[in-house]
Amino acid sequence: MSTTLYGGIEAGGTKIVCLVGSGPDNVIAQERFPTTTPDETIARLLEFFTTQRDAGYEPAAIGFASFGPVELRPGHPEHGYITTTPKPHWSNTDVAGPIARSLGLPVAFDTDVNGAALGEGRWGAAAGLSTYIYITIGTGIGAGAVVNGAVAHGLVHAEMGHVIVEREPGDDYPGRCPFHGDCFEGMAAGPAIGARFGVRAETLEGADLAQAVEWEAGYLASGIRNMVYILAPERVVIGGGVAELPGLFPALRRKLAASLAGYPGLAEHESDDFVVPAALGGMAGPLGSLVLAEQALPASG
Ligand code: ZN
C-alpha cells in the first residue's frame, strides 16, 4: 500500500514554509522563504510544487494555512482570500485560488493558527483528543478550537485572542490591542509583557520576571477560563515564544484552578496535563497543513 502524499503551505506574515509529505516521519521536501509580494510568493510556491511533481512526488491535495484575516466561508465569492490585513500588497488577495487552478489540485484553506492546532492534534500535545484548544502567544495571541474533531468556524475564524480578561491586581498597564486596549492579546502578548518593564520579555529576570510570570499566568487563566466554559476542551495546548517564560505553566495551573474556583469540580481541570506546552514547535503549522490537505479530499472509508 502506498502512502498518500499531501502538500502543505504555512504562510506567515514574514515567512512561508511549504512541504510535501505525509507526516513528521515522512517529509519528502520542505522549503522556507520570505513572504514578499503575493505574485512573487505564489510563483515560488507553484515552482516548489511543480518541481516536486516533476520528481514524482505529486500531492493528492494541498492544505493552505495562512496569516489573516481570511475568508473561510465555503461558497463565498472570496473564499480563499486574505481579507483586511494591514500587510502591504496582501489586502483582499486571492491566495488559495491561484494555487488550486495552476496545480489542478484541491486546496483546503484555513488560518495559520488553525493549521497548527490540527498539527498538534494529530502528532503533538493534543494527539488523540477530539475537542481541544491551541493557543499561540507571541507578538499577538491566536487561538484555534477543534471541536469534535473539526476546526470551529462560522462567519469567520474564532478570534479568542481578543476575549475580555480580568485585570490582575496591581497591574495598571493600559494594554496594547489597537482595537480593544486591554483584551487578552492587549494584556498578554509578548510585547505587552516587556512593555510594563521597559525591556523585551525574554530578557526579564529576578523580581521583574517573577511579577511578569504572575501577571501573565493570571491573564492566561482568565482567557482560558472563558474557553473552558464555552467549549469544554479536553486540553489546552500553548505554543509561541511566551510559553517558554520560566515557571509559567505551574503558575498558570494554580491561577486557573483558582479562577475556576471548583466549578464544575472536574479533577481533569486541575491535572498537570490539562494545560500543556505545545510539542511540535515551529513544525506544528507546516505539519498541520498536511492534515488540512486531507480535508480537501472527499471522505473515504
Ligand atoms: Zn483585542
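Donors, in this report, are N, O and S atoms within 2.8 Å of the metal (3.2 Å for Na, K and Ca); water is not among the atoms, so sites may look incomplete. The structure is a predicted model, in which local features need pLDDT of at least 70 and side-chain atom pairs count only at pLDDT 80 or more, while totals for chains, interfaces and linings use all residues. Residues are numbered from 1 along each chain as its sequence is written, and side-chain values use heavy atoms, with hydrogens and water left out.

**The zinc site**

The zinc ion has the protein donors His162 (ND1), Cys177 (SG), His180 (ND1) and Cys183 (SG), which lie 2.1 to 2.3 Å from the ion. Along the chain these donors follow the spacing H-x14-C-x2-H-x2-C. Both His162 and His180 lie in the loop between β10 (150-151) and α4 (184-188), so the pair ties together parts that are 18 residues apart in sequence. Helices (H or I, at least four residues) and strands (E, at least two) are DSSP runs, numbered from the N terminus.

Why is the arrangement around the zinc ion tetrahedral? The four donor atoms subtend angles of 104 to 121 degrees, and four donors count as tetrahedral if all angles lie between 85 and 135 degrees.

**The whole chain**

The protein chain has eight helices and 12 strands. Its radius of gyration is 20 Å, close to the 19 Å that the globule rule gives for 301 residues, so the chain is as compact as a globular protein of that length. This radius is taken over C-alpha atoms, and the globule rule is 2.2 Å times the number of residues to the power 0.38. The C-alpha trace spans about 60 × 40 × 35 Å along its principal axes. Of the 301 residues, 50% count as buried. Buried means under 20% relative accessible area, exposed over 50%, and partly exposed in between (1.4 Å probe, protein chains only).

**The sheet and its helices**

An open sheet is formed by five strands in the order β10-β9-β8-β11-β12, with mixed pairing. Its edge strands, β10 and β12 (275-277), each pair on one side only. Two strands pair if DSSP finds at least two bridges between them. Strand β11 (residues 235-239) pairs with β12 in the parallel sense over three bridges, and Ile238 has Pro277 in β12 as its bridge partner.

Helix α3 (residues 112-123) packs on the sheet and touches β8 (132-137), β9 (141-147), β10 and β11, with its direction at about 125 degrees to that of β8. Helix α6 (residues 206-231) lies across β8, β9, β11 and β12 and runs at about 150 degrees to β8. Contact means heavy atoms within 4.5 Å. Axes are lines fitted to C-alpha atoms, for helices over the stretch in contact, and angles run from 0 to 180 degrees between N-to-C directions.

**Backbone details and accessibility**

Most residues other than glycine have a negative phi, and most peptide bonds are trans. The bond from Gly68 to Pro69 is cis, with omega near 5 degrees, and Pro69 lies in the loop between β4 (62-66) and β5 (81-82). Tyr263 and Pro264 are also joined by a cis peptide bond, with omega about 0 degrees. Asn148, in the loop between β9 and β10, has a positive phi near 50 degrees. Ala232, in the loop between α6 and β11, has a positive phi near 50 degrees.

| Residue | Relative accessibility | Class |
|---|---|---|
| His162 | 23% | partly exposed |
| His180 | 44% | partly exposed |
| Asn148 | 66% | exposed |
| Ala232 | 54% | exposed |

Notes: Tetrahedral: all angles 85-135°; square planar, octahedral: opposite > 155°, others 65-115°.
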